[in-house]
Amino acid sequence: MKTFKILTLLALVVVVSAFAANAVIKKDRSGYDIGDEAGDFYLRNVDNAMMSLRDFEDAKGFVVVFTCNTCPFSIANEDRLIAIDTKYKKLGYPVIAINPNDPHVKPGDSFKAMQQRAKKKGFTFPYLLDDGQEVFPKYGATKTPHVYVLQRVQEKNIVKYIGAIDNSSRDEKAVTEKYLENALDEILSGKEVTLKETKAIGCAIKS
C-alpha cells in the first residue's frame, strides 16, 4: 500500500513539473508570432520628432530591429543594417531601429548617446527610443539585435519573419546565410518566407 502511495505521489510530481515547464516555455515565447498583426507605436526619433509606422504611407512593410549603442553584437551589425536599409527601403521595406534598453540601467544607451551614435555612424534609418519599455515586450524581443519583418496587408502589419539578421552575429565576412535578406527577397517576389524564424543572437535587453 505504501509503495502504491509513493508511486502515485511521484506521478503527481511529474505531472505538476510538466505543467510548470510548459508554463515557462509559454512565458519565454511571449510576444508576436508569425502571422500576427503587429501594433503600431509612437516613439521619439534621434531627430527629436515623434514617429509611428503610419508615417510611412508608401511602405509595403518594415524591418523593425531592436538594437542599441552598447551591445557588441549590435555594433557589429550596424553597417549591415545601413546596407539593408539602403537597398530595401527603395523597394518599400525601410529599417526602423528601436533601442529597448533602460538608460538608467545602461547609461550608454541614453537618448543623447543614441543621437551621437546615429550621427557618428551615419544611420540612414530612424533610431527610436522605447521610452518606458512598452514596445519591445509586445513584440517579444529579448536580444539586441532582434529583427521582425512586417508586411503591410490591407493596412495591417503582419509578422513574416523573426530572428537574426544572418548566420554570423559578430563577423560579417563569415556570413553564409542572409536570413533577413532572403525573407525580404521572397516577400518581394510574392513567395512565402521559407525560413520564418531563427534564433536572435545578442545581448539581453536591459530593463
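**View 1. Asn48 in the loop between strand 2 and strand 3**. In this predicted model, local features need pLDDT of at least 70, side-chain atom pairs count only at pLDDT 80 or more, and totals for chains, interfaces and linings use all residues. Residues are numbered from 1 along each chain as its sequence is written, and side-chain values use heavy atoms, with hydrogens and water left out. Strands (E, at least two residues) and helices (H or I, at least four) are DSSP runs, numbered from the N terminus. Asn48 is not a glycine, yet has a positive phi of about 75°. Most residues other than glycine have a negative phi, and most peptide bonds are trans. With 44% relative accessibility, Asn48 counts as partly exposed; buried means under 20% relative accessible area, exposed over 50%, and partly exposed in between (1.4 Å probe, protein chains only).

**View 2. Gln133 in the loop between strand 6 and helix 4 (135-139)**. Gln133 also is not a glycine and has a positive phi, of about 50°. Gln133 is buried, at a relative accessible area of 18%.

**View 3. The cis peptide bond from Thr144 to Pro145**. Omega is near 0° for this bond. Pro145 is found in the loop between strand 7 and strand 8.

View 4. Strand 2 (residues 43-45) pairs with strand 6 (residues 127-129) in the antiparallel sense over two bridges. Arg44 stands opposite Leu129 in strand 6.

**View 5. The kink in helix 2 (residues 72-88)**. The kink is about 40° and centred on Glu78, where the bend is the angle between axes fitted to the seven residues ending there and the seven starting there. Buried residues of helix 2 include Phe73, Leu81 and Tyr88. Among the elements covering the buried residues are strand 4, helix 3 (111-121) and helix 5.

**View 6. Leu180 in the largest nonpolar core**. A nonpolar core is a set of buried Ala, Val, Leu, Ile, Met, Phe, Trp, Tyr and Cys residues joined through side-chain atoms within 4.5 Å. Helix 5 supplies the largest share, five residues. Leu180 touches residues including Val63, Ile84 and Tyr161, not counting those up to four places away in sequence; contact means heavy atoms within 4.5 Å.

Terms used:
Two strands pair if DSSP finds at least two bridges between them. The expected span of a helix is 1.5 Å times one less than its number of residues.
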